[in-house]
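Hi,

Here is the structure I promised to pass on.

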Amino acid sequence: MSKVLVVEDNELNMKLFHDLLSILKCEVIATRSGSNALELCINNMPDLILMDIQLDGISGIDIIREVKSDSKLKNIPVVAISAYAMKNEEVRILQSGCDKYLSKPMSIEDFMATVKYYLNIENS
């Protein structure tokens with residue numbers, strides 16, 4: 001069973017991601033706070049990280065940089081998810097080291113295809 005760390009401060013988005021990941025039979029490790037995301041990552045070694053960018057207290061970009069600079073965590077794929085719509089923000093987010101960027105609102109199909117790709121789940 002694949003483990004996915006979801007860092008998302010919006011309760012409705014968190015529920016949606018959890019429900020979709022459950023369909024794929026993923027174990028979901030969830031936090032609404034960016035401050036403990038790195039610790040959860042180290043303690044759980046997820047197969048994929050879904051990272052909101054706009055978090056209270058810390059930017060998801062900073063967390064992505066920390067994950068990608070850690071020798072034990074750097075190979076975990078990170079998908080940044082944000083409502084930032086401007087092109088320069090997308091470039092800045094991608095430059096943080098994330099593997100993919102999805103903008104909110106996103107389609108369920110794009111979300112599922114992205115998760116399946118990074119977890120090597122066959123289309124069913």
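Glu8 counts as buried, at 1% relative accessibility (buried is under 20% relative accessible area, exposed over 50%, and partly exposed in between, with a 1.4 Å probe and protein chains only). This residue is found in the loop between β1 and α1; helices (H or I, at least four residues) and strands (E, at least two) are DSSP runs, numbered from the N terminus. What does the side chain of Glu8 reach? It reaches the backbone nitrogen of Asn10, at 2.9 Å. That is a polar contact, meaning a pair of N or O atoms within 3.5 Å; within protein, one must be able to donate a hydrogen and the other to accept it, and residues adjacent in sequence count only if both atoms are side-chain atoms. Leaving aside residues up to four places away in sequence, Glu8 touches Asn13, Met14, Phe17, Thr31, Arg32, Asp52 and Lys104 (contact means heavy atoms within 4.5 Å).

Before you read on: this is a predicted model, where local features need pLDDT of at least 70 and side-chain atom pairs count only at pLDDT 80 or more, while totals for chains, interfaces and linings use all residues. Residues are numbered from 1 along each chain as its sequence is written, and side-chain values use heavy atoms, with hydrogens and water left out.

Now the sheet. Five strands form an open sheet with parallel pairing, in the order β2-β1-β3-β4-β5; two strands pair if DSSP finds at least two bridges between them. Which strands sit at the edges? They are β2 (27-31) and β5 (100-103), each of which pairs on one side only. On average, neighbouring strands of this sheet are turned by 20° against each other, direction ignored. For angles like this, axes are lines fitted to C-alpha atoms (for helices over the stretch in contact), and angles run from 0 to 180 degrees between N-to-C directions.

Going through the pairings, β1 and β2 are parallel over five bridges, and Leu5 stands opposite Ile29 in β2. β1 also runs parallel to β3, joined by four bridges, with Met51 in β3 as the bridge partner of Val7. Strand β3 (residues 48-52) then pairs with strand β4 (residues 78-82) in the parallel sense, over four bridges. Here Met51 has Ala80 of β4 as its bridge partner, and Leu50 stands opposite Val79 in β4.

How many residues of β3 are buried? Five of its five are, and in β1 it is four of five. In a regular strand the side chains alternate between the two faces of the sheet. In β3, Leu48, Leu50 and Asp52 point one way and Ile49 and Met51 the other way, and all are buried.

On to the aromatics. A search of the whole structure finds two aromatic pairs (rings of Phe, Tyr and Trp, its six-membered ring, pair if their centres lie within 6.5 Å; planes under 30 degrees apart count as stacked, over 60 as edge-to-face and the rest as tilted). Phe17 and Phe111 have ring centres 5.1 Å apart and planes at 5°, so they are stacked. This pair links distant parts of the chain, with Phe17 in helix α1 (residues 11-23) and Phe111 in helix α5 (residues 108-119), 94 residues apart. Phe17 is buried at 3% relative accessible area, and Phe111 is buried too, at 2%. The rings of Tyr117 and Tyr118 have their centres 4.8 Å apart and their planes at 85°, so that pair is edge-to-face. Tyr117 counts as exposed, at 59% relative accessibility.

Last, the cysteines. The structure holds zero disulfides, a disulfide being a pair of cysteine sulfur atoms within 2.5 Å. Cys26 is in none, and the nearest cysteine sulfur, that of Cys41, is 15 Å away.

Cheers
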